[in-house]
Amino acid sequence: MEQPKGVDWTVIILTCQYKDSVQVFQRELEVRQKREQIPAGTLLLAVEDPEKRVGSGGATLNALLVAAEHLSARAGFTVVTSDVLHSAWILILHMGRDFPFDDCGRAFTCLPMENPEGPVEALVCNLDCLLDIMTYRLGPGSPPGVWVCSTDMLLSVPANPGISWDSFRGARVIALPGSPAYAQNHGVYLTDPQGLVLDIYYQGTEAEIQRCVRPDGRVPLVSGVVFFSVETAECLLATHVSPPLDACTYLGLDSGARPVQLSLFFDILHCMAENVTREDFLVGRPPELGQGDADVAGYLQSARAQLWRELRDQPLTMAYVSSGSYSYMTSSASEFLLSLTLPGAPGAQIVHSQVEEQQLLAAGSSVVSCLLEGPVRLGPGSVLQHCHLRGPIHIGAGCLVTGLDAAHSKALHGRELRDLVLQGHHTRLHGSLGHAFTLVGRLDNWSFCFPPGNVPSPHIRAWDLWDPDTLPAEYCLPSARLFPVLHPSRELGPQDLLWMLDHQEDGGEALRAWRASWRLSWEQLQPCLDRAATLASRRDLFFRQALHKARHVLEAQQDLSLRPLIWAAVREGCPGPLLATLDQVAAGAGDPGVAARALACVADVLGCMAEGRGGLRSGPAANPEWMRPFSYLECGDLAAGVEALAQERDKWLSRPALLVRAARHYEGAGQILIRQAVMSAQHFVSTEQVELPGPGQWVVAECPARVDFSGGWSDTPPLAYELGGAVLGLAVRVDGRRPIGARARRIPEPELWLAVGPRQDEMTVKIVCRCLADLRDYCQPHAPGALLKAAFICAGIVHVHSELQLSEQLLRTFGGGFELHTWSELPHGSGLGTSSILAGTALAALQRAAGRVVGTEALIHAVLHLEQVLTTGGGWQDQVGGLMPGIKVGRSRAQLPLKVEVEEVTVPEGFVQKLNDHLLLVYTGKTRLARNLLQDVLRSWYARLPAVVQNAHSLVRQTEECAEGFRQGSLPLLGQCLTSYWEQKKLMAPGCEPLTVRRMMDVLAPHVHGQSLAGAGGGGFLYLLTKEPQQKEALEAVLAKTEGLGNYSIHLVEVDTQGLSLKLLGTEASTCCPFP
């Protein structure tokens, strides 16, 4: 489904509190821009807060200044000017404070969800959800201005929140519903009936909260999202030059100003609330500041006075999204686990993870970005994230385990974890990279102070955890030096903490090792966390599990698209491991379909690496440099062929044009494997010896054309043997004639005389083959007479690779040569199955002239073989439609060897004549380019694009419905099938409907039950099922009144009940030179 139009952000700023995280988070923004989550022209800025505790208000002011500064410079100004805000949509995202359950903060906490419609496969972080909400839900429709959004909450917002921006000015807060009980620990808005904000309460009294209750019994929670109009943003920006607010920005701090801590909601916005008085505002304190000395209070009062002067006149309104939801991400492990799991779910959530024994994951558990090898048992309500574990491991209920690698698995063997939070961390201590681990209980209270003498373990003493001068009242979990970061003689692992669960298990050795280690508290650990290494490790694990996924999807032949994964690998700069995995799958595949799809995926990787440059994906694939790997594949040596392809590929990676050409050759390699798979249809080709016709005696084969009513494309390899095909087709005469035919006879000369023409008595292309070299271009479809040459080879009359000369072969077996003529009265690219039916008539005539007969069903498979030899590819519906009489359904199973079975559809008495009276053909005047359409369809199928896979299944399913329409003799039902079928064709091959054809169909629509272009579309014939009988003249008059339709013509059509006809004529003497 097409993504709705979102906000085209001018600037997106992500604020963060650590200087060494700026480049890390800048890269994360840029990665999301490459994934198309952020508009390509958006300026991305990761900005360090001026001070660690500058507050959300100070961070907002600093970010606004930085945005204005960059936009001013971009506009050519030498000073900061607020004029640049008038045409800008700015989004400021605040990282906020440290989070105990994710080293990269709440913004980069991964959620157990996927985006199946996203162009690039990626983990979904809270930041991604908030970006989507701001861009596509809250932001659209807003005027230029500044959006500010915290990232410390989980939001849910409907697609159309119903926010009106008519006559808007000032600032607007977005509120989401919550219960009065929830509001006791959060912020809540008090408004008048028009949405004007009267006051903002934080942890308000019961009476204050009750005043905020709305008619639905809910209260409007402070959700962390606010919008500033340009006017209000200008007023806010103006404060950056005035003390003490200048200290909120990097400019003020660089000038030596004393830092000041401001809250966005309880300082900046609170002063705009209608009922707040100046006196109350000046003496108030934001909740994030807490209690402090009088000096701090006085400094803050001065800052608030400045805010009051600048912003008091700006109105503050609220938009209440009643169907949304808000959940603050607290430091409670229980609440965090609940937000990542579905307690009532029937099974585990497995997201971007590969799990060998999924049955060991309990219902209500969650696994995100993990590789789980062997028996890994996970209890209900537990979460695994960013782990590569090797069993046997038992993680019981209520656990959060993150950041463990396979090397850490052994420490978990033989234990059952329960109600624990175990995390692995990447650290940088004095420039050295390392690992650290933390272990806390699910029920531990991070703000709880331990009573004197009561520490986390009876064997741990207070002075192990806190300095001697630390007051007992300050004994709390965040400040306890629990976590080893360096051991004097060995690497650390989870075992250096897990001993606390059973301190007797090793006689106290672990306790002594713990005491010997350099340990840090959680608070001390935060500045030492290496967030770049953390995100790199997560990315590496994501792609490791993705490679397992790619291998499994291909080998298990699943209908899952790997294209989003391919884009992820290319855009994040790591296509090499994916190419190596695809090579391994292709080389080791026992099924040609698996190998061909793997090669098609390699072609997709190369095409993605070209990034839309280098030319079209479709094109020639016969460069001499690639002939060596192709020859291996032709000989059936798959492993050698794949290796040679990879060796050649390495030479073509330097620029987009070469990448595209390499992609074409990989698709060519895939065609070789498709050809070999389809050639398995030879199993069902058999002939019977009969009396050899006399020299000069013509054998004439004639056939009707075909019209496809449903299921086309499902017969096309590889769909025909991977999905299974079903096509309903009609054999038809056009203007009373059977337009396709061939004739063959033996001649005394040991040569092959070939002729091609528009009619039986008019041959325009004449060729004489006197040696095998004249036949070498049989596999080049556009070479003169290529189809006829391929027919001789497939009929076994000529062996092109024999050591015997052509004349010797012909004389030894037949005592002379052959003359073969083919003709079609239909225009090139008609869409009526001409080339395949023509191949069938040529084979039938040749075989009979050589003293053999071949049954019609065998002939259907022989044509499949011939078209693979000819290298045109193609399915089986054309020959089924033309060689077999009447109305029928052809089917092939999802298996090899490829076998086509045909069922005649019985219709009510008199219905064939009724159908003839209502069926018309309109030649559109447009030539169909089926070759390019075929390449596009195969590329989409091998990519398993969801829409294409679903459509392919629909094609097969509708064929059976269409057959029922024929059995009922219902023209309206058949018309519906035709209309639906044309929509399916357009979805399968976008671009197959030229504008002139669309105009023609629109003009004809009132007069028909249904209509469709024949075959693959793109031009050729349009067939109509008219509402009234015998409408040829009437519709000619309708089209004549329409301008711009080009050189069209309308033709009568009737169902042919004979199919292929074969007859022997009298003997005619051949001349020495047939084509003077």
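In which loop is Asp 49 found?

Figure 1. Asp 49 is found in the loop between β2 (43-48) and α2 (55-74), where helices (H or I, at least four residues) and strands (E, at least two) are DSSP runs, numbered from the N terminus. Asp 49 counts as buried because its relative accessibility is 12%; buried means under 20% relative accessible area, exposed over 50% and partly exposed in between, with a 1.4 Å probe and protein chains only. Leaving aside residues up to four places away in sequence, Asp 49 touches Thr 15, Cys 16, Gln 17, Val 54 and Ala 59, a contact being heavy atoms within 4.5 Å. Residues are numbered from 1 along each chain as its sequence is written, and side-chain values use heavy atoms, with hydrogens and water left out. Since this is a predicted model, local features need pLDDT of at least 70 and side-chain atom pairs count only at pLDDT 80 or more, while totals for chains, interfaces and linings use all residues.

**Figure 2. The largest cavity and its lining.** A search of the whole structure finds 6 cavities of 30 Å³ or more, and about 180 Å³ of space lies in the largest. On a 1 Å grid over the protein atoms alone, a cavity is a set of points where a 1.4 Å probe fits but cannot get out, and lining residues have an atom within 4 Å of a point; grid points are joined across faces, edges and corners, and a volume is the space filled by probe spheres set on the points. The largest cavity is lined by 15 residues, and those that lie nearest its centre are Glu 28, Arg 35, Leu 123, Arg 538 and Arg 539. At least two lining residues come from each of α1 (22-34) and α16 (531-555), and α16 gives the most, with 5 residues. By residue class the lining of the largest cavity divides into 8 nonpolar, 1 polar and 6 charged, where Ala, Val, Leu, Ile, Met, Phe, Trp, Tyr, Cys and Pro count as nonpolar, Asp, Glu, Lys and Arg as charged, and the others, Gly among them, as polar.

**Figure 3. The second largest cavity.** About 110 Å³ of space lies in the second largest cavity, which is lined by 15 residues, with Gln 17, Met 95, Asp 98, Gly 105 and Arg 531 nearest its centre. Gln 17 is also one of the residues that Asp 49 touches. The lining of the second largest cavity divides into 6 nonpolar, 4 polar and 5 charged residues.

Figure 4. Most residues other than glycine have a negative phi, and most peptide bonds are trans.

**Figure 5. Asp 735 and Arg 944, two residues with positive phi.** Asp 735 has a phi near 55°, a positive value in a residue other than glycine, and lies in the loop between β29 (725-734) and β30 (740-747). Asp 735 is partly exposed because its relative accessible area is 39%. Arg 944, whose phi is near 50°, is placed in the loop between α30 (930-942) and α31 (946-968), and at 4% relative accessibility Arg 944 counts as buried.

**Figure 6. Domain 3 and domain 4, with a segment annotated in UniProt.** The domain assignment, whose bounds come from an automatic or database source, includes domain 3 (557-681) and domain 4 (684-904). Their contact takes 9 residues from domain 3 and 15 residues from domain 4, and 31 Å separate the two centres, taken over C-alpha atoms. An unreviewed UniProt entry places the feature "domain: GHMP kinase N-terminal" at residues 809-881; UniProt positions are given in the numbering used here, feature names are shortened, and annotations may be inferred rather than shown by experiment. In the model, residues 809-881 are 58% helix and 15% strand, and their end C-alpha atoms lie 35 Å apart.

Definitions and conventions:
1 Å grid on protein atoms, 1.4 Å probe; cavity = no way out; pocket = protein on both sides within 12 Å on 5 of 7 lines; lining within 4 Å.
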